[in-house]
Amino acid sequence: MGSFTHIDAEGRVRMVDVGNKPPTDRQAVAQSIVVMQPETFERITDRKIKKGNVLETARIAGVMAAKKTADLIPMCHPLNLRHVEVNFFPETATHRIRIEAAVRVIDQTGVEMEALTAATVAALTIYDMCKSYDRGMAIVDTWLISKSGGKSGDFTRSASGGKT
């Protein structure tokens, strides 16, 4: 690992200049998991939450969040995203909903932060829509699953949590 690219020689933060980098196809996939009480899980999967369809609302929130990442994370570059997809994987036995967000761009910098932001905001939306039923919900295991493209190459999280 090299030096921090967001800090100049005098220790001041800065946005990295990516102007000389060639645009390449870059993709990232991230996840976040919401753990809840069995009754809350059942209400979500049976679409019996008073505020509406929780997962579709969270999907929209995740897509919108990916598009707003540069407004939220100070050193992120605004990107012209080509694709954002947010999917849900309910785990009945553990009363968890795993959220997976995939983002794609053809640009000079990656989309890891956009994928992480999409997954996280989708999880926060589930919490917000269901908090009146279950304030003990937990958002856990938010991480980058994979990324491809760019100078640093590809990354895939192994089942044990390390890089492969």
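Author: Happy to! Please keep in mind that this is a predicted model.

α4 covers residues 112-130. With 19 residues at 1.5 Å each, α4 should span 27 Å, and its end C-alpha atoms are 28 Å apart, so the two values agree.

Next comes the surface under the helix. Five strands make up an open sheet, ordered β2-β3-β1-β4-β5, with antiparallel pairing. At the edges sit β2 and β5 (155-156), each of which pairs on one side only. α2 packs on this sheet too: it touches β2 and β3, and its direction makes about 145° with that of β2. As for your first question, α4 lies across β1, β2, β3 and β4 (138-148), and it runs at about 25° to β1.

The antiparallel strands β2 and β3 are joined by nine bridges. Across from valine 84 you will find valine 103 in β3, and across from asparagine 87 is glutamate 100, also in β3. The hairpin of β2 and β3 has four residues between the strands, and histidine 95 there takes a positive phi near 55°. As background, strands of a sheet pair through backbone hydrogen bonds, either parallel or antiparallel.

Now for your second question. The buried residues of α4 are Glu114, Ala115, Leu116, Thr117, Ala118, Ala119, Ala122, Ala123, Thr125, Ile126, Met129 and Cys130. When you look at such a list, remember that an α-helix has 3.6 residues a turn, so residues three or four places apart point the same way.

Let's zoom in on one of them. Alanine 123 lies in α4, and it counts as buried because its relative accessible area is 0%, under the 20% cut-off. Leaving aside residues up to four places away in sequence, alanine 123 touches Ser32, Val34, Ile99 and Ile139. Alanine 123 and alanine 58 are 65 residues apart in sequence, yet their C-alpha atoms are 7.1 Å apart in space.

In soluble globular proteins, nonpolar side chains tend to be buried together. Here the largest nonpolar core has 34 residues, and Ile44, Phe88, Ile99 and Ile126 touch the most other members. Two or more residues each come from β1 (24-35), α1 (38-45), α2 (54-67), β2 (83-91), β3 (96-107) and α4. The largest share, nine residues, is given by α4.

Not counting residues up to four places away in sequence, isoleucine 44 touches Met36, Ile49, Val54, Leu55, Ile97, Ile126 and Cys130. Cysteine 130 is buried, with a relative accessible area of 0%. Cysteine 76 counts as buried as well, because its relative accessibility is 11%, under the 20% cut-off. If you were wondering about links between cysteines, a disulfide is a covalent bond between the sulfur atoms of two cysteines. The count for this model comes to zero disulfides.

Notes:
Residues are numbered from 1 along each chain as its sequence is written. This is a predicted model: local features need pLDDT of at least 70, side-chain atom pairs count only at pLDDT 80 or more; totals for chains, interfaces and linings use all residues. Side-chain values use heavy atoms; hydrogens and water are left out. A nonpolar core is a set of buried Ala, Val, Leu, Ile, Met, Phe, Trp, Tyr and Cys residues joined through side-chain atoms within 4.5 Å. Buried means under 20% relative accessible area, exposed over 50%, partly exposed in between (1.4 Å probe, protein chains only). Contact means heavy atoms within 4.5 Å. A disulfide is a pair of cysteine sulfur atoms within 2.5 Å. Two strands pair if DSSP finds at least two bridges between them. Axes are lines fitted to C-alpha atoms, for helices over the stretch in contact, and angles run from 0 to 180 degrees between N-to-C directions. The expected span of a helix is 1.5 Å times one less than its number of residues.
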